[in-house]
Amino acid sequence: MSSLSRDEVARVAGLARIELTPTEIDRLAGELEVIVDSVASVSKIATADVPATSHPLPMTNVFRPDVPEAPLDRDAVLAAAPAAEGGKFLVPQILGEDA
């Protein structure tokens with residue numbers, strides 16, 4: 001016996017402002033019933049001694065420690081650039097604006 005009626009599916013679709021045809025309502029009632037049954041079966045298995053989890057593997061912070069380091073040498077970086085002028089990277093103009 002279905003715990004979700006066609007009327008309930010149509011009501012929820014109306015609340016969500018989703019227009020459904022009668023065929024879609026029938027199909028969704030069946031699909032939602034499968035979902036409700038699956039959740040119910042998981043709920044039967046879950047016990048108090050099994051902690052709830054949001055991820056199957058333990059998650060830890062993967063960032064390295066924030067350690068200050070000396071900055072790159074500007075002259076060395078600009079020497080490796082295709083073009084430099086006035087201590088800055090020189091790039092081609094792309095917007096067609098006056099320099």
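A residue counts as buried when its relative accessible area is under 20%, as exposed when that area is over 50%, and as partly exposed in between. Asp-26, at 41% relative accessibility, is therefore partly exposed. The model in which this residue sits is a predicted one.

The description can start with the whole chain. The protein chain holds three helices and two strands. Read from the N terminus, the order of these elements is α-α-α-β-β. The C-alpha atoms fill a box of roughly 80 × 50 × 20 Å along the principal axes. How does the radius of gyration of the protein chain compare with that of a compact globule of 99 residues? The globule would have a value near 13 Å, whereas the protein chain has 31 Å. Of the 99 residues, 7% count as buried. The accessible surface of the chain comes to about 9400 Å², and carbon and sulfur atoms account for 62% of this surface.

Next come the charges. The chain carries 8 positive and 16 negative side chains. The centres of these two sets lie 4 Å apart. Side chains of opposite charge can pair when their charged atoms come close. To count as a salt bridge, a side-chain nitrogen of Lys or Arg must lie within 4 Å of a carboxyl oxygen of Asp or Glu. By this rule there are two salt bridges in the model.

One of the salt bridges joins Asp-26 to Arg-6, with 2.3 Å between the closest N and O atoms. Which parts of the chain does this pair tie together? Asp-26 belongs to helix H2 (residues 22-45) and Arg-6 to helix H1 (residues 6-15), so the bridge links parts that are 20 residues apart in sequence. Arg-6 has a relative accessible area of 39%, so this residue is partly exposed, as is Asp-26 at 41%.

Another salt bridge is formed by the side chains of Arg-27 and Glu-31, at 3.1 Å from N to O. Both of these residues lie in helix H2, where they are four residues apart, or about one turn of the helix. Arg-27 is partly exposed because its relative accessibility is 45%. Glu-31 is also partly exposed, at 38%.

Helix H2 also contains Val-42. Is Val-42 buried or exposed? At 54% relative accessibility, Val-42 counts as exposed. Between Val-42 and Leu-28 there are 21 Å in space, C-alpha to C-alpha, for a separation of 14 residues in sequence.

The loop between H1 and H2 includes Arg-17. The phi angle of Arg-17 is near 60 degrees, a positive value in a residue that is not glycine. Most residues other than glycine have a negative phi. Arg-17 has a relative accessible area of 75%, so this residue is exposed.

Val-77 lies in helix H3, which covers residues 74-80. With a relative accessible area of 32%, Val-77 is partly exposed.

Notes:
Residues numbered from 1 in each chain as written. Predicted model: local features only at pLDDT ≥ 70, side-chain atom pairs only at ≥ 80, totals over all residues. Heavy atoms only, no water. Rg over C-alpha atoms; globule rule 2.2 N^0.38 Å. Buried < 20%, exposed > 50% of the residue type's maximum accessible area, 1.4 Å probe, protein only. Areas by Shrake-Rupley, 256 points an atom, 1.4 Å probe, with all protein chains shown as cover. Lys, Arg positive; Asp, Glu negative; His and termini not counted. Charge placed at Lys NZ, Arg CZ, Asp CG, Glu CD.
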